[in-house]
Amino acid sequence: MQSLQDPSTSTLTIGGDLPVGRLGFGAMRLTGNPARVDRATAVAIARRAVELGVTFIDTADSYDLGTNEELLAEALYPYPGEVVVATKGGQINLGSRWIPLGRPEYLRQQAELSLRRLRLDRIDLYQLHRIDPAVPIADQVGALRQLQDEGKVRHVGLSQVTVDQLRQAEQITPIVSVQNRYNLADRAGEDVLEYCRGRGIAFIPWLPVAPMTRGGASDAITAVAARLHATPTQIALAWLLHHSPVMLPIPGTSSRAHLEENVAAARLSLSPGDVEQLTAG
Ligand SMILES: NC(=O)c1ccc[n+]([C@@H]2O[C@H](COP(=O)([O-])OP(=O)(O)OC[C@H]3O[C@@H](n4cnc5c(N)ncnc54)[C@H](OP(=O)(O)O)[C@@H]3O)[C@@H](O)[C@H]2O)c1
């Protein structure tokens with residue numbers, strides 16, 4: 001088992017040696033072109049996340065061309081010992097298009113740039129943002145394995161993968177996390193989640209709440225939210241945390257109020273009946 005949930009402390013230990021709180025923070029929406037908030041506000045939100053006890057923060061080299069990583073360093077460096085900043089490489093963003101780029105030399109360059117921007121000697125969790133179909137998986141994961149061997153990357157994760165791709169990657173190096181799109185309304189990746197649960201691999205669902213905001217909540221979510229005096233977003237997050245012990249959601253926001261609301265969701269206790277109703281509905 002590479003990662004285990006400790007129910008008494010609500011932590012998940014990634015890769016056997018990185019304990020993090022089970023509700024993380026996705027930093028993507030703190031920067032952008034155009035930015036949703038000014039830099040000072042974005043810095044304050046990142047700091048507030050840590051103040052509220054968040055210890056797992058997700059970013060990527062491609063979020064606003066590295067600006068997102070720089071912002072996290074500005075906000076949080078020197079990082080408190082318990083904080084894990086996980087980053088990703090292997091995909092570029094051209095406006096509305098995202099293109100996988102998995103050539104080993106490119107991955108190496110991007111990891112070096114992430115180290116520089118994050119002001120780290122070693123990245124605790126480096127995730128391959130996408131599998132590039134034009135490059136053998138063994139070469140892509142092999143580049144990350146080499147970075148591990150050199151001490152520049154501690155653990156390797158994947159993003160948006162199938163069980164088969166995950167198995168292939170595991171032949172090269174231990175895979176400690178998978179970041180796939182997954183939420184209460186979109187459970188297409190259930191087989192990957194099950195595989196991760198069986199192997200003790202942290203499952204990091206992206207887009208954990210967006211479908212439930214802006215009036216998209218199902219009747220079941222609305223009913224449970226009303227009963228628990230919570231918001232639909234909080235119920236969606238609580239359901240994820242109850243659904244699997246390897247779940248590590250990373251809701252993203254550029255709003256301090258939404259951040260506080262999301263973090264509070266980790267304390268919500270759902271009854272087995274609530275979970276059943278939400279899962280069915
Ligand atoms: N691996 C990948 O391929 C991949 C892809 C996409 C994202 N990600 C990662 O996953 C993280 C989360 O994904 P995401 O940001 O796309 O989706 P998300 O967290 O499900 O949703 C974020 C959206 O929901 C809104 N929101 C958040 N909390 C809210 C609340 N309490 N009430 C109402 N609205 C709320 C945010 O708007 P406000 O700013 O107004 O709160 C934002 O528009 C990202 O930050 C990024 O780190 C990874």
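**View 1. Gln91, a buried residue of strand S7 (residues 91–94)**. At 5% relative accessibility, Gln91 counts as buried, because the term covers residues under 20% relative accessible area, with exposed meaning over 50% and partly exposed the range in between (1.4 Å probe, protein chains only). Strands here are DSSP runs of E with at least two residues, and helices are runs of H or I with at least four residues, both numbered from the N terminus. The model is predicted, so local features need pLDDT of at least 70 and side-chain atom pairs count only at pLDDT 80 or more, whereas totals for chains, interfaces and linings use all residues. Residues are numbered from 1 along each chain as its sequence is written, and side-chain values use heavy atoms, with hydrogens and water left out. Leaving aside neighbours within four places in sequence, Gln91 is in contact (heavy atoms within 4.5 Å) with residues including Asp61, Trp98, His129 and Arg130. The side chain of Gln91 also makes a polar contact of 3.3 Å with the side chain of His129; the term denotes a pair of N or O atoms within 3.5 Å, of which, within protein, one must be able to donate a hydrogen and the other to accept it, residues adjacent in sequence counting only if both atoms are side-chain atoms.

**View 2. The aromatic pair of Tyr63 and Trp98**. The structure holds four aromatic pairs, defined by ring centres of Phe, Tyr and Trp (its six-membered ring) within 6.5 Å, with planes under 30 degrees apart called stacked, over 60 edge-to-face and the rest tilted. Tyr63 and Trp98 are edge-to-face, at 6.3 Å centre to centre and 90 degrees between the planes. Tyr63 lies in the loop between strand S5 (56–58) and helix H2 (67–76) and Trp98 in strand S8 (residues 97–100), so the pair ties together parts 35 residues apart in sequence. Tyr63 is buried at 8% relative accessibility, whereas Trp98 is partly exposed at 36%.

**View 3. The aromatic cluster of Tyr182, Phe203 and Trp239**.

**View 4. An open sheet of seven strands**. The strand order is S4-S5-S6-S9-S10-S11-S12, with parallel pairing, where two strands pair if DSSP finds at least two bridges between them. Strand S10 (residues 153–159) and S11 pair over four bridges, and the bridge partner of Gly157 in S11 is Ser177.
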